[in-house]
Amino acid sequence: MRNRQKAAAIVLVFALLFPVLGSAQSLSFKEIQARVSEYKIWLDKLGSNGLHYWLRLDGSKRPHRLYVGEGFMQATTGEKEEFIEIFSRYLAGHPEKNMLIDIYDGFTGKVIGEYGFGGFKLFTVTAPTR
């Protein structure tokens with residue numbers, strides 16, 4: 001009886017995981033390239049020549065260092081999170097994968113947040129007192 005329960009549990013686990021594994025493999029190479037190209041076009045509009053969400057990217061270190069500008073600072077929390085998620089997927093080169101990012105203030109050079117295994121997180125930033 002215990003062997004049947006174990007077998008049933010194993011079959012159930014595989015049945016639940018199979019659709020997840022199948023959906024991860026569902027994108028073709030051309031679809032991945034097309035979506036990453038769309039990300040690049042969108043990110044270019046938000047870059048230093050656009051809305052100033054981001055100013056530059058330092059990819060020489062891991063995690064990548066993304067320096068953000070005034071547009072990012074003025075965006076809502078939801079807009080910031082969406083932007084960072086898309087940037088992460090663009091860096092990973094795949095719409096279902098993510099790259100780790102440290103977020104820096106483009107003007108002060110100080111770290112203000114991160115995007116990683118725990119998701120999107122902005123640190124509490126205090127304005128300097130005069």
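How many bridges join strand β4 to β5? Four bridges link strand β4 (residues 111-116) to β5, and the two strands run antiparallel. Helices (H or I, at least four residues) and strands (E, at least two) are DSSP runs, numbered from the N terminus. Two strands pair if DSSP finds at least two bridges between them. Across this pair, Tyr115 stands opposite Phe120 in β5.

A word on the model itself. It is predicted: local features need pLDDT of at least 70, side-chain atom pairs count only at pLDDT 80 or more, and totals for chains, interfaces and linings use all residues. Residues are numbered from 1 along each chain as its sequence is written, and side-chain values use heavy atoms, with hydrogens and water left out.

Now take the whole sheet. It is open, has five strands in the order β1-β2-β3-β4-β5, and its pairing is mixed. β1 and β5 (119-122) stand at the edges with a single partner strand each, so one side of each has no neighbour in the sheet.

A hairpin of five residues connects β1 to β2. Here Arg56 stands opposite Tyr67 in β2.

Which residues of α2 are buried? They are Ile32, Val36, Tyr39 and Leu43. They cover an arc of only 50° around the axis, which puts them on the same side of α2. That arc is taken from the directions from the helix axis to the C-beta atoms. Buried means under 20% relative accessible area, exposed over 50%, and partly exposed in between (1.4 Å probe, protein chains only). An α-helix has 3.6 residues a turn, so residues three or four places apart point the same way. The buried residues of α2 pack against β1 and α4 (77-92). The face turned away from them carries the exposed residues Lys30, Glu38, Ile41 and Lys45.

Is Tyr53 buried or exposed? Its relative accessibility is 11%, so Tyr53 counts as buried. Beyond four places in sequence, its contacts (heavy atoms within 4.5 Å) include Leu46, Val68, Phe72 and Phe83. Tyr53 and Phe72 are 19 residues apart in sequence, and their C-alpha atoms are 4.2 Å apart in space.
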